[in-house]
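I am opening a notebook page on this structure and will keep to what I can look up in it.

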Amino acid sequence: MTLRVVKNAVAAIFLFLCGCSVHMNDQGGVYDKTYHSDVKSVLLLDKFSRQTDVRVRHLFFDALKNNLARCNVALNEVQLDAVSLDINRDIDAKIKENNADSLLYVLTTAVDLNQKSQIMGETFRTKFTDIASRKTVWVNDYNISIQSFTLEGFTFDQTRQMVTKVANSIFEKLQKIGILKNCH
């Protein structure tokens, strides 16, 4: 009995000290219930915070691309010059270049840092725009945070969890509201 209690105590201490997990809060959004279109090609425009590792961009893109492929929807990513004089013209050129019918915009709106300037959480705003009508048909906010007792910022595994959760949630939401159809 004593050995069992000791094992449980050690396990509890280990979970307490290393029990880092990523928590995602879908803060809600709005969508146009009248939107009906057959989405075939999406252009991803991501504006993650400067503190976000470049690998995050690749992980997010790959996760979202794999999800959208289940609906026979192509996903391309646009990298914009941060000091462009005409960002709209640059986006239009990328839309034509990729023959996109939709634009998915993902923007970091807030970053929570600890005292060591390590990321402890981020808030994202997502927008889905129909290119033909130039109309935003869905907007949603997400908050990602680490539930960590060590306060050491996101590890790469937590980053992978975060990116996957956001990509999956975006995909599921777009399916649920009817923007993405015929998914398998």
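Entry one. In this predicted model, I looked up the side chains of Thr-129 and Thr-136 and found them joined by a polar contact of 3.2 Å. I placed Thr-129 in strand E5, which covers residues 119-130, and I noted its relative accessible area as 14%, which is under the 20% limit and therefore makes the residue buried. Leaving aside residues up to four places away in sequence, I listed what Thr-129 touches, including Asp-101, Ser-102, Leu-103 and Arg-134.

Entry two. How many salt bridges does the count come to? I noted four, and I went through several of them in turn.

Arg-134, already on my list of residues touched by Thr-129, forms a salt bridge with Asp-92, with the closest N and O atoms 2.8 Å apart. Because Asp-92 lies in helix H3 (residues 87-98) and Arg-134 in the loop between E5 and strand E6, the pair ties together parts that are 42 residues apart in sequence. I recorded Arg-134 as exposed at 54% and Asp-92 as partly exposed at 28%.

Asp-141 is buried, at 16% relative accessible area, whereas Arg-125 is partly exposed, at 33%.

Lastly, I found Lys-40 in a salt bridge with Asp-38, the closest N and O atoms being 3.4 Å apart. Lys-40 is partly exposed at 44%, and Asp-38 is partly exposed at 47%.

Key:
Residues are numbered from 1 along each chain as its sequence is written. This is a predicted model: local features need pLDDT of at least 70, side-chain atom pairs count only at pLDDT 80 or more; totals for chains, interfaces and linings use all residues. Side-chain values use heavy atoms; hydrogens and water are left out. Helices (H or I, at least four residues) and strands (E, at least two) are DSSP runs, numbered from the N terminus. Buried means under 20% relative accessible area, exposed over 50%, partly exposed in between (1.4 Å probe, protein chains only). A polar contact is a pair of N or O atoms within 3.5 Å; within protein, one must be able to donate a hydrogen and the other to accept it, and residues adjacent in sequence count only if both atoms are side-chain atoms. Contact means heavy atoms within 4.5 Å. A salt bridge is a side-chain nitrogen of Lys or Arg within 4 Å of a carboxyl oxygen of Asp or Glu.
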